[in-house]
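This report covers selected charge pairs, a surface patch, a sheet and backbone angles. The chain is shown first.

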Amino acid sequence: MSQLHNNIKKTVMVQALVCAFGAVVLSAGVATTAYAQSNATATIYGQVAGTAGGTIVLENAATGTHRTITPDASGKFQATSMPPGRYTVKLMQGAAVVGTQEIEALVGQGTEASFGSNTGVQAVTVSGRRQSIDVSNTNNGSVFTAKQLTQLPIPQTVAGIIQLATGTTRSDPRMGGDSFAGSGASENGYYINGFPVTNIYKQIGGTTLPFFAIAQAQILSGGYSAEFGRSTGGVVNITTKSGTNTWEVGGTIQVNPNVLRAKPRNQFYTDTGVINKANGLPYAGQLYKTNEQNDAKDTFASVFVSGPLIKDKLFAFVNVEQDQFDTGYVNVASDSYTLAKARGFTEKSSVTPRYLAKIDFNITDNHHLEFTQIHDEFRTDYSNYGFLYGTAAGKTDVLARNNVFANGSSDSAKTDDSILKYTGYVTDDLTVTALYGQFKTTYPQGQTGYTPGIYQVNASPNTQVPGISYPIPQLVSGSLQVPNAEDSQKTFRFDVEYKIGKHALRAGIDRNTVASINGKSTAGGGLWTYHYTDAPGVNVDGGSSPASGGGLGPRGYYVDEYHEIDAATPTTDQSAQYIQDRFQVLPNLILDLGLRNEQFTNKNSFGVAYAAQRHQLAPRVGFAWDVNNDGSTKVFANAGRYHLQIPTSVAQRVAGSPLHTNRYYTYTGVDQTTGAPTGLTPISPLLSASNEFGQAKDPTSVAAVGLGAMYQDEMTMGFERAWSPALNFGAKFTYRTLRSTIEDWCDGRPVQAWMKRNNVPGTYNMDCTLINPGSDATLLLDLQQNGKFVTVPLTAADIGLPKVKRVYTALDLFMEHPLRDGWYGKVSYTLSRSKGNLEGQVESDINQADIAATTAFDFPELMQNADGLLPNNHTHAIKAFGFYQIDNQFSVGANLNIVTGSPLSCMGRVPTALNLDGSNPAAQYGSLSFYCNDVPAVRGSAGTLPTDVRLALNGTYKPQQVLGLAFKVDVFNVFNRQVEMNENQGYNNGKLRDQYYGLTKNYSPERNVKLTVEYAHKF
């Protein structure tokens, strides 16, 4: 058969597989030699040609540990569960070394080390080459080594690494965290040395370790095997450095001086048509908040020591770092004139000491024990001073702090992780691993200048009665945390790998036991919010009109009294079992078959389960085809289901005794000592949009019977090609669809209708209940409040909520220049779309991180017009990074990140047509429906935030006169493009148009410069 015929045949086969992946999976059953490859360790594989009876010795270059493998009859060999790092792979004939290779084994990937037929006895050669493409892998991700990370200009955080990976974007800065392939910030899993370190309370982020302790970081945006679960976003999989046979010490000092930092942008009102009553001028263009007075300085230090306690046997690595960030900033807007005078400027000092200590013990070459201890801490102290915007609200002729101390506060968190792991290579074909770990986080908090029992006051100029002063004596705003808050987790995991014939099997079990003590309450006990309406004869939500209340009500002035208390001590049990079979169908085709079974049980403060999901089956299938059977071209695809648990924070609202109440009054004056209204006349009863009046929620009624878990289905397909030793490129298509979610539902109307249909007397005040939106729900409710629970079956039509929808599609393209000729570079482009009616467990567009208890799906009216472009939709993303070694002393690096902005929505009150009699409970939510000035406004249709362009550059100088010494300069956001990262999307403020609509809430960080000195010495 001719070569041309071969090429045509291969091209046709590639196209057929890519276009008909679904048919392949169905016909094959569900992805080069089969390797029981773990996502938490590395695999080394290869083939020996032309030499019989040899063995393969894998020698860890750092520790000298050996592992000996005997190739099978065809010359193939594999070594699984290897610690990532550099290895010398030796082909042995008896005691003679007949071939060697130097490779770097990467976490979660396979690395090839094959030996050609030209290898002969007595000839020590470097035969074969490390393939640029991992043809054994079906997952979607990237691995970054410590060497790469130190040469790239990135923030020294895990988030900085995440943003290098294709398919990732930053979440809303108010929310924190990162978005993987369109998912919400709370949907990711974080691991260190195989131990889950995801924040268990909110699930946003995880334990932070010293940056220079990271050996490798694998960023997975999907397609991962059944070994990983509890994620519908991505996985961050970090392995840490270990001690070696060479003693080494070193340190780093870094400074980001304020003098080299650009001034941050000021914030201005947009054109909303609203008049500022303080100066009689339209708000449009007026200064909202000045930021030019802000300053910041960051100082960082890190030291490490590494070496053998017993050569070839016992090793230690210790890294200690501390970062101190000092900043001063204006914290209050110009329209909060009184509050600005009192405490408008904040001095903030944050200290974050961290350490990692790792001990590795090679019991024998085939049995390894490791222990990792991580301490992650931060403490932030706030001191508040007065700030002068001018002689009256809205005036900007004076912009300065007055140096009068008002109050102070502090908050902190301390996390300690302990991880013990055993790896045993029982035979060439059998490997076992066992892991036990635990972590605990505490949250100390302190306040100075706090006056218990004095309510907070919120009175903007447009809501103040002319001639009346509105003092703000409570200088602590927001919520206070409950005392003794903490989170804890214990984890056990056991895995077995076994190779039999063409099958490489991997199976395991794990269990997480989680507990929290957490909650919050309104500082001062409550909040007075003053309102004004130009239609005093119109009823307030849930009450009567201001005009009917007398006092200042007929002139349109009224006040809202708000209380909030959330506290709980919940626990959660999370268990999983999985099995994975990597089936070598053909010499160059792997099918990857996996099945994961997960169980989630959430318990309230009394240890009683209120939500449980059993037998959450998650199949995973994939294939990897080494097209040319030489590692130069890979076609791959995978499909799978991924489940996500709900965190302990959910219990605060749905399984505790939450209190969220409002009551409206008219008033006649303001107490000049407390700022509280006087002469109160109620114009509404005590209201709670979610029926949360502080009553304990019965776990029987907290969730629908048979509540299902949140889960997502995913399919990817793509190819990678090593065009030459200097160029790799590839493409990948991703499709993700959210099939089910858990959200709280607060609408009692369907229950009342069911009671009427079934002749059940009375009324029932329904608490918010966890359901799967868009599905039928069977509730157990105490309808008569007599302790007798009644089964209330409701269809999806009865409930009236739409089916949850989130569809993410993306095309990823990349080109990469492997490290060669002194330089490395990679550029990727992502074209994506994220559309639906739910972002995920959070709602970042309204800055709500009440996981699985957001305002979404509380009432059907809030979901009308909600199907549109989602907050994590970024149509275009370009990432380019690399470094170049000019000579032995000088190198430069660059990192370019270009991401188009998030879509914007116009969110307003429930329209008058849906609330004619004023009884619609959804109307109490304010600007949270997708109606703008009573007109339907589809989610994401109000424009798009600007494109975020960030370029970072660095230069490094390593003087040859002092080996180990380095000087580095990093410049972040070189062009100082400070673009809008979010806007206020609420159209209404009470009955009026909100002067804050369209107001920028955050800009991207200003340009800043980091100066670094490093030194390391080997003994």
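## Salt bridges

D510 is buried, at 9% relative accessibility, where buried means under 20% relative accessible area, exposed over 50% and partly exposed in between (1.4 Å probe, protein chains only). The side chain of D510 meets that of R230 in a salt bridge, 2.8 Å from N to O; the term stands for a side-chain nitrogen of Lys or Arg within 4 Å of a carboxyl oxygen of Asp or Glu. D510 belongs to strand β30 (residues 503-522) and R230 to the loop between β13 (214-222) and β14 (235-240), so the pair ties together parts that are 280 residues apart in sequence. Helices (H or I, at least four residues) and strands (E, at least two) are DSSP runs numbered from the N terminus. R230 is also buried, with a relative accessible area of 8%. Both residues belong to a network of salt bridges that links E227, R230, R493, D495, E497, R506, D510, R596 and E598.

The structure holds 39 salt bridges. Another one joins K358 and D360, with the closest N and O atoms 2.7 Å apart. K358 is buried at 3% relative accessibility, and D360 is buried at 5%.

## Basis of the model

The model is predicted: local features need pLDDT of at least 70, side-chain atom pairs count only at pLDDT 80 or more, and totals for chains, interfaces and linings use all residues. Residues are numbered from 1 along each chain as its sequence is written, and side-chain values use heavy atoms, with hydrogens and water left out.

## Sheet

Strands β3, β2, β5 and β6 form an open sheet in that order, with antiparallel pairing. Its edge strands, β3 (66-69) and β6 (96-105), each pair on one side only. Two strands count as paired if DSSP finds at least two bridges between them. Strand β2 (residues 55-60) is joined to β3 by four bridges, and V57 has T68 as its bridge partner in β3.

## Positive phi angles

Most residues other than glycine have a negative phi. H615, which is not a glycine, has a positive phi near 55 degrees. H615 lies in strand β35 (residues 609-626) and counts as exposed at 59% relative accessibility. N629 also has a positive phi, about 60 degrees, without being a glycine; N629 is located in the loop between β35 and β36 (633-644).
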